[in-house]
Amino acid sequence: LRNVPVKGHEIVFRKANVMQWVADLYANVPAADVATAEFEVDIPPYFTGRVKAKVVVEEWAFDGTEPLSSTTLERTVKADSADVFNAPECKLAGPRFRVLRLVTAAGEFVNDWLFDYYKAYDLADAKIDVKVDGFKVTLSADKPAFFVWANAKGVRGEFDDNSFTLLPGRPRTLTFRPKDKSATPEAFARALTVTHLRETYR
């Protein structure tokens with residue numbers, strides 16, 4: 001899953017051989033004002049029949065522990081075609097960000113959207129709980145944490161995911177794949193560090 005800015009507030013979600021999701025966010029207004037969203041779901045031609053798609057639009061406060069609001073939009077889209085999902089206007093006051101979730105039988109694809117630069121907001125100093133089981137790491141946060149990054153300095157290998165937004169109540173489990181056969185879970189656990197964007201402000 002990768003997020004590629006295309007034009008203006010357009011975001012493209014792509015996953016090989018799955019589907020493409022284009023989300024146009026018409027949000028050229030301050031965060032305290034009204035923001036509307038229009039989502040276009042494109043179903044590639046290698047699908048057959050009709051595909052059930054669900055878009056969940058969530059509004060979050062930067063220090064929130066759960067969504068301020070959540071709207072679910074469901075549609076059945078014909079293969080090799082596109083359909084537009086229109087989210088209702090959001091009139092919530094105060095700084096916030098939007099979480100977009102596309103749910104289909106092929107899986108769930110998630111991204112978030114801020115209405116301004118990250119440094120324009122007072123990001124919460126989230127605390128991240130880290131649990132290690134062998135080469136698996138489960139992360140959970142008490143507040144929204146952006147660009148969460150796991151690293152195992154001195155242990156060659158890679159995580160199956162990294163640099164993501166971690167939301168309260170939605171833990172993420174990462175798998176580390178060592179490149180050296182001599183690497184041990186104990187050495188990995190000692191070398192492991194986890195940080196996020198807010199911590200870099202110190």
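Predicted model: local features only at pLDDT ≥ 70, side-chain atom pairs only at ≥ 80, totals over all residues.
The description begins with an open sheet of four strands, arranged in the order β6-β5-β8-β9. The pairing within this sheet is antiparallel. Its edge strands are β6, covering residues 69–78, and β9, covering residues 107–114; each of them pairs on one side only. On average, neighbouring strands of the sheet are turned by 15 degrees against each other, with direction ignored.

Within this arrangement, strand β5 (residues 50–60) and strand β8 (residues 97–104) run side by side in the antiparallel sense and pair over seven bridges.

A pair of aromatic rings is described by the distance of the centres and the angle of the planes. For F97 and F146, the ring centres are 5.1 Å apart and the planes stand at 75 degrees; because an angle over 60 degrees counts as edge-to-face, the pair falls into that class. F97 belongs to strand β8, whereas F146 belongs to strand β12 (residues 145–152), so their contact ties together parts that are 49 residues apart in sequence. Both F97 and F146 are buried.

These two residues also take part in a cluster linked by ring pairs, which comprises W60, F62, F97, Y118, Y121, F146 and F147.

A further contact involves a charged residue and a ring: R172 lies over the face of F164, at 4.1 Å from the ring centre.

Notes:
Residues numbered from 1 in each chain as written. Heavy atoms only, no water. Pairing = 2+ DSSP bridges. Helix = DSSP H or I, 4+ residues; strand = E, 2+ residues; numbered from the N terminus. Axes fitted to C-alpha atoms, helices over the stretch in contact; angles between N-to-C directions. Phe/Tyr/Trp six-rings, centres within 6.5 Å; stacked < 30°, edge-to-face > 60°. Buried < 20%, exposed > 50% of the residue type's maximum accessible area, 1.4 Å probe, protein only. Lys NZ or Arg CZ within 6 Å of the ring centre and 35° of its normal.
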